[in-house]
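Student: Please take a close look at a single part of this model. I would like one connected account of how that part packs and pairs.

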Amino acid sequence: MELFNGQSEAPQPKAGAGTAPLAARMRPQELDQMIGQDHILGADKLLRRAIEADRISSIILYGPPGCGKTTLAEVIAKTTDRRFERTSGVLANVAILRKLLEAARHWKKMNGRETILFIDEIHRFNKAQQDVLLPYVEEGDITLIGATTHNPFFFINTPLNSRSQIFQLNPLDEASIIKVLSRALAAQTGLNGLVTATDDGLKHLAAVCEGDARRALNALEIAALTTPPAENGIVHLTKHEIEESVQKKAVVYDHDEDEHYDTISAFIKSVRGSDPNAAVYWLAKMLYAGEDPRFLARRLIILASEDIGNADPRGLTLAVSAMQAVEFIGMPEARITLSQATTYLACAPKSNAAYLAINAALGDIKNGRTLPVPKHLRDAHYKGAKDLGHEGYQYAHDGTDHFIDQEYAPTDKIYYAPTNQGYEGTIRKRIEHWNSLRGGKK
């Protein structure tokens, strides 16, 4: 019996010789076969009801690879009574698009029925290509289904977004991946019971595939193809064989797209939130995926001023030193320096008072609050300065405690309000002392 054909007749073609990949053979054919995405495909959910009633309007399916975007489109194709056409942002150009769209318009005119046009990887279309779709969507010649791994609010034109409903698909959880794999092991169109896998092996595969069902099925297929069968012809997969089929775990991380921004956001927010363990995890993910360590060092420098500031002034010094060390020693040793800086900043007392101060001052200036420099503070080091009234400045170091009460800006507005966090608590007491000498004016 052939492993990938589920037939007892002989001879049969071997896997890979004209046989569709396991992931393609296991693609669901109807809604009830879909695994996961219950938040949009569960009972009584809007999208499910629209598909079952064949009342679907233009939609954008957004989610990571292997979560079921193309599968869902194929299910819709089998469910709808409307004409269904497919193309891809990789293959189609404006000429191909116009041909498809004009055919859809002609079909509606002659038959009174719309066409559903599925465009995979729609984010690859440029603005001009996306604009071509607009009049056909507006006039109801086509119902658009776009699939994208990229955030549609960044990569798809606003007019097209506004004419479509956006549904976000999530990575499949481990339980769902295990369910997909178990179905593939048993299904006649899959491995037909000729392959078994241990529970810990399936669990490992589900964990390392990060919610990507296609990747999980591909790894299972490789493991099955490369593992010798037992005497009874059954292939038994343990965790060891499955680990070998996956090899090094590939981290989903696009260096200039969503995953990049999401991960650096999680990293910064973890440091700001004083969670060194989470911060180190996100740091490790970025380094493992090949992120530029200099980029990470720069972000730590910004954070040291924005989120720690004077609560621990050493944070900025450490961050700058980390950047210099990263430049000097490079990877992989720089990972240690970045970890030190990350954990120190995560554990440091936090204050954004300096950040708020400069933003408030810039806001006042931008909105027209431009104050004149007091005459006693103006430059008096040139002939004629006194004639202009540039005099009266009192040298602060001549005063008690190196402080003299004089006006430095014609405003009582407080921009810098230090907290009680860390060293900033000392600064706050110092400012309160100076304000008392000023008679409590600030």
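Predicted model: local features only at pLDDT ≥ 70, side-chain atom pairs only at ≥ 80, totals over all residues.

Tutor: Start with helix 15, residues 293-308. Its partner here is helix 17, residues 334-347. The two pack at an angle of about 20°, and their axes lie 11 Å apart. Angles under 35 degrees count as roughly parallel, so helix 15 and helix 17 are roughly parallel to each other. The crossing of helix 15 past helix 17 is left-handed.

Now the residues in contact. Helix 15 contributes Pro-293, Leu-296, Ala-297, Leu-300, Leu-303, Ala-304 and Ile-308. Helix 17 answers with Leu-338, Ala-341, Thr-342 and Leu-345. By class, the contact of helix 15 with helix 17 has ten nonpolar residues, one polar and no charged.

Helix 15 also takes part in a charged pair. Arg-272 forms a salt bridge with Glu-306, with 3.9 Å between the closest N and O atoms. Arg-272 belongs to helix 13 (residues 258-272) and Glu-306 to helix 15, so this pair ties together parts 34 residues apart in sequence. Arg-272 is partly exposed, at 34% relative accessibility. Glu-306 is partly exposed too, with a relative accessible area of 22%.

Asp-312 is buried, at 6% relative accessible area. Arg-314 counts as exposed, at 59%. In another, the side chains of Arg-83 and Glu-85 meet at 3.0 Å, N to O. Arg-83 is buried at 17% relative accessibility, while Glu-85 is partly exposed at 24%. Salt bridges also link Glu-102, Arg-105, Glu-139 and Asp-141 in a network.

Last, turn to helix 4, residues 69-79. Helix 4 is mostly covered, with nine of its eleven residues buried. Among the buried ones are Leu-72, Ala-73, Val-75, Ile-76 and Ala-77. Lys-69 and Glu-74 are on that buried list as well. The buried residues of helix 4 pack against helix 2 (38-41) and helix 3 (46-52). They also pack against four strands: strand 1 (59-62), strand 2 (83-88), strand 3 (115-120) and strand 4 (142-148).

Technical notes
Residues numbered from 1 in each chain as written. Heavy atoms only, no water. Axes fitted to C-alpha atoms, helices over the stretch in contact; angles between N-to-C directions. Parallel < 35°, antiparallel > 145°, perpendicular 65-115°, else oblique. Left-handed = near helix turned anticlockwise from the far one by under 90°. Contact = heavy atoms within 4.5 Å. Nonpolar A, V, L, I, M, F, W, Y, C, P; charged D, E, K, R; others polar. Buried < 20%, exposed > 50% of the residue type's maximum accessible area, 1.4 Å probe, protein only. Salt bridge = Lys/Arg side-chain N within 4 Å of Asp/Glu carboxyl O.
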